[in-house]
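Me: Hi! Could you walk me through this model once it's up? I have a handful of quick questions.

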Amino acid sequence: MGHTFRQRIIRTSAASLAVPALLLLSACGTSGGEIGDEVRISEGMMTVTGIEQRTAEDVAALELDELAGQTPYFVTYEVAFNDGSDGDLNENFWKAKASDGEASPINVLNFGGDFDCTGLGEVSDGKAEGCQLIMVPEGATLESVSFGGAGTWRAPKAE
């Protein structure tokens, strides 16, 4: 594909997420709402710290030809894992809603390079920061993002 660095892109599938999300998160209530709100997830506590609309140039290195014309959003977040462990996060639990229906969470696994929205970062003292890429259909806007059934955060309205 002509990348100067190796990356692997994984699209999430709603069908593959339904049962595990239901089983793992059924005891967690939906909460959150605004950027900065903290919610309990099965792995610990999560806070979405930002939702930023980006440009096609920001994701050009990924060569997402099938998503041409769509608008990328970077969702930044923090996780504090249970008991301060070096936990792991199932990034397939991300979902997003656009003004015209569903948006596409894209998991980018970074094997080197300089693309800066590649999921959960390094865990240190049971905490980590991450970034989730969301692609929104042309002409639509991002309304909200959620992680499993645990929390939903509203995207800021465009000015």
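Me: How many bridges join strand 6 to strand 11?
Reply: Five bridges join them, and the two strands run antiparallel. Strands here are DSSP runs of E with at least two residues, helices are runs of H or I with at least four, and both are numbered from the N terminus. Two strands pair if DSSP finds at least two bridges between them.

Me: Thanks! Before going on, what ground rules apply here?
Reply: This is a predicted model, where local features need pLDDT of at least 70 and side-chain atom pairs count only at pLDDT 80 or more, while totals for chains, interfaces and linings use all residues. Residues are numbered from 1 along each chain as its sequence is written, and side-chain values use heavy atoms, with hydrogens and water left out.

Me: And what is the bridge partner of W94 in strand 11?
Reply: F147 is the partner of W94 there.

Me: What about strand 11 and strand 12, how many bridges?
Reply: Four bridges join strand 11 to strand 12 (residues 151-154), again running antiparallel. S144 stands opposite R154 in strand 12. The two strands form a hairpin with three residues between them, and G148 in the turn has a positive phi of about 55°.

Me: Why is strand 11 described as largely enclosed?
Reply: Because five of its six residues are buried. Buried means under 20% relative accessible area, exposed means over 50%, and partly exposed is in between, using a 1.4 Å probe and protein chains only.

Me: Switching to aromatics: how many pairs are there?
Reply: The structure holds four aromatic pairs. Rings of Phe, Tyr and Trp (its six-membered ring) pair if their centres lie within 6.5 Å; planes under 30 degrees apart count as stacked, over 60 as edge-to-face and the rest as tilted. For F74 and F115, the ring centres are 5.9 Å apart and the planes at 80°, so this pair is edge-to-face. It links distant parts of the chain, with F74 in strand 5 and F115 in the loop between strand 8 (104-110) and strand 9 (119-120), 41 residues apart.

Me: Are F74 and F115 buried or exposed?
Reply: Both F74 and F115 are buried. Another pair, Y77 and W94, is tilted, at 5.1 Å centre to centre and 50° between the planes. Y77 is buried at 1% relative accessible area, and W94 is buried at 0%. Ring pairs also link Y77, F93, W94 and F147 into a cluster.

Me: Which residues touch the most other members in the largest nonpolar core?
Reply: Those are M46, I134, L142 and V145, out of 28 residues in that core. A nonpolar core is a set of buried Ala, Val, Leu, Ile, Met, Phe, Trp, Tyr and Cys residues joined through side-chain atoms within 4.5 Å. Strand 5 gives the largest share, five residues.

Me: What does I134 touch?
Reply: Not counting residues up to four places away in sequence, its contacts (heavy atoms within 4.5 Å) include T71, Y73, L142 and V145. T71 is found in strand 5 and counts as buried at 18% relative accessibility.

Me: Last one: where is confidence lowest and highest?
Reply: It is lowest in helix 1 (residues 14-25), at a mean of 37, and highest in strand 4, at 96. That is pLDDT, the predictor's confidence in each residue, from 0 to 100. The protein chain averages 80, with 77% of the residues scoring at least 70.
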